[in-house]
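Subject: Structure handover

Hello,

Here is the structure for your files. Please open it first, then read the notes below.

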Amino acid sequence: MEAAAELIGTLPADEVPLPLRRFARFERRKRAKLAGQHIAAQLEKDAGFRERVAVPLRKAQPELAEAVEEGRLPPAADPVRVAVLAYLLRPQGWTALVETARDELERSASASEGEAAERRIAELREEVAAARAGRAAEVDRLRSELREVKAEVTELRRKLHDARTRARAAEERAEALAAQSERERAAAREGAAAADKELRRLRGRLARAETDAEAARRAAREGRNVDDVRLRMLLDTLVDAALGMRRELALPSTIARPADAVAGAGPGAAANPVMTGRSLSDQDPQLLDRLLSLPQVHLLVDGYNVTKTGYGELPLADQRRRLLSGLGGLAAQTRAEITCVFDGAELDAPVATAVPRGVRVLFSRPGQTADELIGELVRAEPPGRPLVVVSSDREVADNCRRAGARPAPSTLLLRRLGRT
């Protein structure tokens with residue numbers, strides 16, 4: 001396997017057997033270690049690979065390789081190399097050569113083990129003799145250390161007596177300090193009680209002062225209430241007059257929205273009826289909530305841009321249905337005007353779409369893109385009205401920003417609809 005691992009590193013990638021190609025980039029030792037099982041299996045079943053592995057060995061020892069192919073075991077030959085060449089070349093009777101090499105290795109191992117055992121016995125005998133020689137010296141040393149320890153114990157006992165004497169004196173001083181501390185704590189408690197009494201007196205004075213201030217403010221409000229009542233009566237009179245004028249002239253109760261004036265192809269079913277927030281980043285999760293809280297805000301949605309960002313794996317009809325369902329819930333929550341624009345330039349017939357209440361759905365006309373229809377809707381709005389365009393298309397966002405609208409990425413709307 002070491003010879004095969006060496007060969008794999010030298011072969012071109014297309015000549016390495018397929019099961020071993022992923023190990024070809026390994027360092028040689030790692031290949032032999034990590035890919036050993038795979039190399040052994042390839043050697044066993046791939047005769048061509050065995051022959052390629054044997055080529056460097058044959059060149060290194062041609063005489064030994066020739067003897068193995070002839071089925072004879074040269075004298076004084078390395079049993080391991082004989083077994084390797086026999087396995088790779090596989091001449092007739094190669095298994096007997098492997099068995100003979102194994103027997104030779106076992107005999108060599110037994111002889112080596114016997115010599116090692118004899119050497120070990122001699123070493124142990126020398127160690128025993130050295131241990132006996134050193135035992136007497138060790139005993140003398142230990143006796144000397146024992147005498148020193150006894151003298152040290154006597155000294156420690158004297159020091160212990162002195163320490164106990166000092167400890168009793170320290171305990172007496174501690175008791176005296178504890179008594180003094182108790183007297184000081186009693187004096188501190190008396191001072192704290194006096195301070196608490198003074199604090200309660202001051203709090204009472206503060207409460208009386210706050211009551212007097214509240215009475216003064218109440219008197220000031222009562223004086224202003226008369227003026228507020230007069231102003232409210234005047235406003236009610238003007239409102240009633242305006243309502244009477246509307247009834248007299250038979251004016252409609254609502255007006256058309258600017259987006260209703262833009263020509264767009266509606267769905268198969270009839271549709272239900274200076275930007276702030278510049279300081280917020282386009283990726284700020286609170287951006288869309290802030291924009292939708294503006295009065296009279298108009299939300300323009302690039303429909304397919306949003307659906308393909310969030311769930312582009314669905315069919316187009318399912319994409320539209322899922323987005324419009326979410327926009328319906330958003331319109332019910334925020335009361336914002338919402339217009340969703342889809343690209344309908346390639347549609348041959350009207351699309352049957354269930355439009356939720358509060359959402360306007362427009363398809364671009366033939367020859368017109370959804371981006372162009374969004375541009376018309378933006379230009380139709382009066383200057384100053386809050387207008388939000390949801391699209392991750394950079395060109396749409398730049399055009400809307402130049403027209404005074406506030407662009408927002410599709411991911412913000414998808415995240416907001418996920419909370420609906």
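Cysteine 340 counts as buried because its relative accessibility is 0%, and buried means under 20%. Keep in mind that this is a predicted model.

Cysteine 400 is buried too, with a relative accessible area of 4%. How many disulfides does the model have? The count comes to 0. The rule asks for a pair of cysteine sulfur atoms within 2.5 Å.

Next, valine 388. It sits in strand E4, which covers residues 387–390. Is valine 388 buried or exposed? It is buried, because its relative accessibility is 0%. Leucine 300 lies 88 residues away from valine 388 in sequence. In space, the two are 6.0 Å apart, C-alpha to C-alpha.

Now the second largest pocket. It holds about 480 Å³ of space. Its lining has 18 residues, and those closest to the pocket centre are Met1, Glu2, Ala3, Leu57 and Val84.

Which helices supply at least two residues each to this lining? They are H1 (2–10), H3 (36–45), H4 (47–60) and H6 (79–89). The largest share comes from H6, with 7 residues.

In short, cysteine 340 and valine 388 are each at 0% relative accessibility, and H6 gives the second largest pocket the largest share of its lining.

Best wishes

Key. Residues are numbered from 1 along each chain as its sequence is written. This is a predicted model: local features need pLDDT of at least 70, side-chain atom pairs count only at pLDDT 80 or more; totals for chains, interfaces and linings use all residues. Side-chain values use heavy atoms; hydrogens and water are left out. Helices (H or I, at least four residues) and strands (E, at least two) are DSSP runs, numbered from the N terminus. Buried means under 20% relative accessible area, exposed over 50%, partly exposed in between (1.4 Å probe, protein chains only). On a 1 Å grid over the protein atoms alone, a cavity is a set of points where a 1.4 Å probe fits but cannot get out, and a pocket is an open set with protein on both sides within 12 Å along at least five of seven lines; lining residues have an atom within 4 Å of a point. Grid points are joined across faces, edges and corners, and a volume is the space filled by probe spheres set on the points.
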